[in-house]
4 protein chains.
Amino acid sequence: MAKILLMAASLRQDSCNKKLINLVAKLGIEQKIEIEQLDFADFIAPLYSGDIEEKNGLPEMVQTFIAKLKDADGLVIASPEYNFSTPGTLKNLLDWVSRARPMPWVKYPVMLCSASPALAGGSRGLLHTVATLQCACNAYIYPPMFSLGNAYEAFTSDGSLQDKELEKRLGKNILGFVDFVKKLR
Amino acid sequence: MAKILLMAASLRQDSCNKKLINLVAKLGIEQKIEIEQLDFADFIAPLYSGDIEEKNGLPEMVQTFIAKLKDADGLVIASPEYNFSTPGTLKNLLDWVSRARPMPWVKYPVMLCSASPALAGGSRGLLHTVATLQCACNAYIYPPMFSLGNAYEAFTSDGSLQDKELEKRLGKNILGFVDFVKKLR
Amino acid sequence: MAKILLMAASLRQDSCNKKLINLVAKLGIEQKIEIEQLDFADFIAPLYSGDIEEKNGLPEMVQTFIAKLKDADGLVIASPEYNFSTPGTLKNLLDWVSRARPMPWVKYPVMLCSASPALAGGSRGLLHTVATLQCACNAYIYPPMFSLGNAYEAFTSDGSLQDKELEKRLGKNILGFVDFVKKLR
Amino acid sequence: MAKILLMAASLRQDSCNKKLINLVAKLGIEQKIEIEQLDFADFIAPLYSGDIEEKNGLPEMVQTFIAKLKDADGLVIASPEYNFSTPGTLKNLLDWVSRARPMPWVKYPVMLCSASPALAGGSRGLLHTVATLQCACNAYIYPPMFSLGNAYEAFTSDGSLQDKELEKRLGKNILGFVDFVKKLR
């Protein structure tokens with residue numbers, strides 16, 4: 001049985017990426033997937049410094065995040081796009097985690113999705129996150145990435161998507177990701 | 001049993017990417033992997049045009065390439081980097097293949113490697129190829145990518161690498177890729 | 001007085017990038033800018049091969065393209081996005097041109113725009129073209145890039161944009177580019 | 001007369017990017033360029049949150065950074081590459097600055113360089129920083145980017161480069177950047 005972590009890489013209370021990850025949670029639970037939702041705010045490490053690392057090792061919240069990864073089989077990140085790239089907030093966490101040995105990302109299955117008020121839906125940001133997590137850190141990124149454009153108008157009041165076809169696709173992606181995790185772990 | 005295709009994305013006779021793919025072949029055969037080497041020159045399609053496609057469908061060599069993909073379980077590409085990106089030559093083939101339905105790249109396992117006379121070893125080009133093959137076309141890219149820098153000095157006269165540790169790593173990557181293929185197919 | 005070349009990097013007759021470049025031409029002429037429209041089909045070189053280059057030098061159409069660049073002060077490219085990246089067709093031309101010495105792109109002002117039926121409007125492809133033309137070849141890319149999403153619905157029957165605000169922005173970009181060209185040449 | 005800011009985007013005392021920016025300073029002073037060195041540690045803002053921004057506006061150190069930009073004519077950043085991308089530390093600052101109105105990066109001249117112990121020299125990271133600063137934020141990035149590979153071995157004890165040709169090229173880049181600034185401001 002696979003256990004999947006979910007995290008929205010936004011600190012804003014009313015973040016559309018939180019809404020997206022909540023929908024992933026709801027769809028996952030309907031499909032009997034074991035999930036655990038992480039709160040990004042719990043993993044706010046200081047900005048990376050080689051001197052801090054040398055003196056104190058990895059900050060406690062980074063270690064906690066790594067322990068969460070070890071205790072699960074895969075991770076879904078819903079990430080905003082900031083300035084056509086990975087948010088500095090998320091990148092700082094990824095940079096810290098990449099310093100642990102053995103490197104926690106190696107062969108770790110990750111599904112990336114994004115929500116954005118813009119029409120492009122955040123996919124440029126995800127491309128940079130793929131370069132970091134997969135190409136530099138050797139994580140297994142699940143290929144179909146889900147980008148939700150026009151996100152401020154996309155949700156119903158109960159947290160579903162207005163566009164039912166799109167929601168069905170997201171549900172299929174989640175099942176596909178769990179299958180990917182089971183095959184690769 | 002997995003069958004793996006190998007192709008160097010260079011048209012030059014004396015290409016260092018051909019040397020690299022030949023080494024992949026040699027290491028693969030030593031490890032009893034079933035391989036087939038493709039000659040990139042056999043798949044030189046006309047530059048992509050939507051009008052050609054509409055009138056004549058996919059060019060014959062593109063169809064042959066797709067048939068090769070279907071007849072095997074995975075593909076290793078050794079690609080040069082041209083101007084920090086995917087070579088136009090390779091990209092034109094990838095663009096054509098992406099027009100077939102069902103899209104042949106979906107869930108297709110691909111291992112990328114590169115050789116380059118520059119020290120950077122071609123890894124910037126591979127990052128763009130990942131964006132195309134994985135993020136746009138949903139192929140399964142094997143995460144460790146192998147970049148060989150300073151490639152004009154890297155090979156011995158019998159086609160091995162001067163750096164034996166590096167060659168061992170390449171051998172491990174090939175085994176790892178075959179394992180990745182078996183798990184995902 | 002600056003002379004500006006315009007080219008749509010598509011071979012399709014009914015290309016939305018041709019419509020976009022025609023609109024750039026119309027807006028440019030209204031603003032008394034000296035322009036010359038190039039036909040991408042005139043610059044269809046063979047797929048790049050180091051052996052062809054060594055034997056025959058640069059193909060004639062590549063040399064013609066370079067002569068066009070020298071005879072003008074800047075270039076506007078309207079490019080489709082193929083598979084989240086630069087089209088192989090355009091990339092093959094850029095790869096050939098990058099082999100000329102002195103390298104024609106160095107300090108050459110280029111404005112990039114894109115039209116795409118997708119909502120994202122082709123901006124992922126332009127990011128890769130920036131990596132090639134500016135970061136690898138040292139061209140001066142004009143920073144505001146213009147991406148037209150939903151392009152099949154975007155034009156009126158006389159070739160203007162339905163969205164007049166967007167058209168005004170495109171007109172301002174063209175003037176801004178001419179100013180950029182004049183300052184840098 | 002142009003005034004140029006210099007900043008190494010690293011918090012480590014013994015950072016090779018600090019050594020690189022110090023060399024830029026030395027070469028700039030020899031060429032009578034007015035420079036001001038910024039200490040990245042002075043601009044360590046909290047991780048970006050839309051809620052913090054809404055409640056308190058931009059953090060004081062971000063405002064100070066923006067005031068520095070306004071008081072000068074161009075900026076040189078020497079940045080490490082973290083995981084094939086922009087460091088989260090630098091990206092967080094860029095993300096904050098991008099929230100100011102008018103956006104401070106628009107038409108602001110920036111020269112990017114990088115030092116890295118790896119052979120690739122950090123150029124993959126700079127490509128992502130170009131996407132952010134130029135393509136998203138409309139800064140004017142000076143095209144030749146300077147990447148110093150093998151950086152732990154690259155400096156002499158007095159802070160020059162062992163490779164005198166490379167140092168000469170860096171000196172020329174700085175002069176070229178000042179010329180670029182003067183033309184565009």
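Tutor: Let's start with contact: two residues touch if their C-beta atoms, placed from the backbone, lie within 7 Å. This is a predicted model, where local features need pLDDT of at least 70, side-chain atom pairs count only at pLDDT 80 or more, and totals for chains, interfaces and linings use all residues. Residues are numbered from 1 along each chain as its sequence is written, while chains are lettered from A and ligands numbered from 1 in the order in which they are written.

Our part is helix H1 of chain A, residues 16-30 (helices, H or I, have at least four residues and strands, E, at least two; both are DSSP runs numbered from the N terminus). H1(A) has 15 residues and reaches 21 Å from its first C-alpha to its last, close to the 21 Å expected (1.5 Å times one less than its number of residues). Just after H1(A), A:Lys32 has a positive phi of about 60°.

Which residues of H1(A) are buried? Among them are A:Cys16, A:Leu20, A:Leu23, A:Val24 and A:Leu27 (buried means 20 or more other C-beta atoms within 10 Å of a residue's own, exposed 12 or fewer, partly exposed in between). A:Lys18 and A:Lys19 are on that buried list too, and so is A:Asn17. The buried residues of H1(A) pack against strands E1, E2 (34-38), E3, E4 and E6 (146-148) and against helix H6, all of chain A.

Now follow one of those partners, E3(A). Five of the five residues in this strand, 74-78, are buried. A:Gly74, A:Val76 and A:Ala78 point one way from E3(A), while A:Leu75 and A:Ile77 point the other way. E3(A) runs parallel to E1(A), residues 3-8, and five bridges join the two (strands pair if DSSP finds at least two bridges between them). Look for A:Leu6 with A:Val76 as its bridge partner in E3(A). E3(A) also runs parallel to E4(A), residues 109-115, with four bridges, and there A:Ala78 stands opposite A:Cys113. To get from E3(A) to E4(A), the chain goes through helix H4(A), residues 88-97, in a right-handed β-α-β crossover (with the strands pointing away from you, the path over the helix runs clockwise).

H6(A), another partner of H1(A), takes us out to a neighbouring chain. Chain A and chain B each give 13 residues to their contact. Helices H5 (123-136) and H6 (164-184) of chain A each supply two or more residues of the side that touches chain B, and H5(A) gives the largest share, five residues.
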